[in-house]
Amino acid sequence: MSAPFVNAHERFVEREGLLFTLTHESGAEGQGEASPLPGFSRDTLEQCGAELETVRDFPSLFGSPKTVVQAIAAASSALSMPAARHALETALFDLAGKLRGEPVWWLLRAASGGPQHVPSLMPLAAVIPMGEPEATVEQALATVARGVRTLKLKVGRDLTRELETLRSVRRAVGGGVELRLDANRAFGAAQAREALAAFAPLRPELVEEPSDPLVESPVPLARDESLLDEPRADVAVWVLKPMALGGLTRCLELAARARESDIDVIVSHLLDGPVALSAAAALSLAVGAPNRAAGLYPHPGLGAWPERPLPAFTQANLIRRDTPGLG
């Protein structure tokens, strides 16, 4: 990665994944990706590779969008590793879109009963590394200058220093920029209450996973990694990471449950490669809350694929494109 990615528990300097390609008799190809994240995912790259080697049977990719989604879900259910299911599903959706002449986001939206209007642009939230106030403010201002209106910062290592930095960032960017915080369950219950009370004057858009279990909060909360277990409808937002959750069809199920409980959905990457990032973008266009920025701002690892442009992404927005497949 061109720069380290740090959260409350880990420091990532490289990412590994595998590319899974299906070739149709017509010559069309569908691409999928398995990139489990150490310390977050519940599977490994080796486990995913071994499972994907066993795949032999493939579903029909024609019929109604709902039928196609059901067929792909049934095919991936034969695999037990979440990232392996993600790779198989993504390759099948990419291939289906190319054979049918439809973008994957359209297939997902048509099958999910999601919002009828899909915006031409969806804002992106950018992760700003948490450091000393001056350096963090400098990066925050540079990112806002590119048009980004939601900044995500990781907290949970040193609350006193983090609060100092967050206050500096809030003063610098003003009230028109959303601050999204993520603690990755770093706080115990007592410290979580202290932290959430201290965060409140900063008017954060939300705080992801401050503790396990969650505590009462004066600011909106979001569930992320706890969705790997039984999802609970006790927060304002669910953050869906398709790579960790087991693919796009599982995320469609969770998005439907979220709608039933008036919970907003944000789709986020897992420091994925370009194939999985494009799949997450399609999912975000299909089910993401239109009033919240998608957690899909390109990350430092993507420089490893300079020959794979991401035309659906600008410096600040996700663009709805009609290219068949993942585009």
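1. By class, the lining of the largest pocket in this predicted model has 14 nonpolar, 7 polar and 8 charged residues, where Ala, Val, Leu, Ile, Met, Phe, Trp, Tyr, Cys and Pro count as nonpolar, Asp, Glu, Lys and Arg as charged, and the others, Gly among them, as polar. A pocket here is an open set of points on a 1 Å grid over the protein atoms alone, with protein on both sides within 12 Å along at least five of seven lines, and lining residues have an atom within 4 Å of a point. The lining of the largest pocket comprises 29 residues, of which Val6, Ile128, Pro129, Met130 and Gly131 lie nearest its centre. The space in this pocket is about 580 Å³, a volume being the space filled by probe spheres set on the points, which are joined across faces, edges and corners. Helix 6 gives the most to the lining, with 4 residues, and at least two residues each come from strand 1 (5–6), strand 6 (125–127), helix 5 (133–145) and helix 6 (159–173).

2. Some conventions apply throughout. Because the model is predicted, local features need pLDDT of at least 70 and side-chain atom pairs count only at pLDDT 80 or more, while totals for chains, interfaces and linings use all residues. Residues are numbered from 1 along each chain as its sequence is written, and side-chain values use heavy atoms, with hydrogens and water left out.

3. As to the overall fold, the protein chain has 10 helices and 13 strands, these being DSSP runs numbered from the N terminus (helices H or I, at least four residues; strands E, at least two). For 327 residues a compact globule would have a radius of gyration near 20 Å, and the protein chain agrees with this at 19 Å; the radius is taken over C-alpha atoms, and the globule rule is 2.2 Å times the number of residues to the power 0.38. Buried residues make up 56% of the 327 residues, with buried meaning under 20% relative accessible area, exposed over 50%, and partly exposed in between (1.4 Å probe, protein chains only). Among contacts (heavy atoms within 4.5 Å) between residues at least 6 apart in sequence, 69% join residues at least 24 apart.

4. The largest nonpolar core has 103 residues, of which Leu52, Leu108, Leu151, Phe199, Leu240, Leu296 and Phe313 touch the most other members; such a core is a set of buried Ala, Val, Leu, Ile, Met, Phe, Trp, Tyr and Cys residues joined through side-chain atoms within 4.5 Å. Helix 10 (residues 274–287) contributes the largest share of this core, 11 residues. Leaving aside residues up to four places away in sequence, Phe313 touches Leu124, Leu277, Ala281, Leu296, Pro298 and Leu318. A second, separate core of 5 residues includes Leu206, Ala222, Val237 and Val239.

5. Helix 4 (residues 104–112) contains Ser112, which is buried with a relative accessible area of 15%. Apart from residues up to four places away in sequence, Ser112 touches Leu252, Arg259, Ala286 and Val287. Val104, Trp105, Leu107, Leu108 and Arg109 are among the other buried residues of helix 4, and the buried residues of this helix pack against helix 2 (65–76), helix 3 (82–100), helix 9 (248–260) and helix 10. Just after helix 4, Gly113 takes a positive phi of about 70°.

6. Pro242 lies in helix 8 (residues 242–245) and counts as buried at 2% relative accessibility. Its contacts, not counting residues up to four places away in sequence, include His86, Cys251, Val267, Ala280 and Leu283.

7. Several backbone details deserve a look. The peptide bond from Asp212 to Pro213 is cis, with omega near 0°, and Pro213 is found in the loop between strand 9 (206–208) and strand 10 (221–223). Arg203 has a positive phi of about 55° although it is not a glycine, and at 49% relative accessibility Arg203 counts as partly exposed. Asp262, in the loop between helix 9 and strand 12 (264–267), also is not a glycine and has a positive phi of about 55°, and Asp262 counts as exposed at 71% relative accessibility.

8. Finally, there are 2 cavities of 30 Å³ or more, a cavity being a set of grid points where a 1.4 Å probe fits but cannot get out. The second largest cavity is lined by Lys152, Arg180, Glu208, Val239, Ile266, Ser268 and Gly295.
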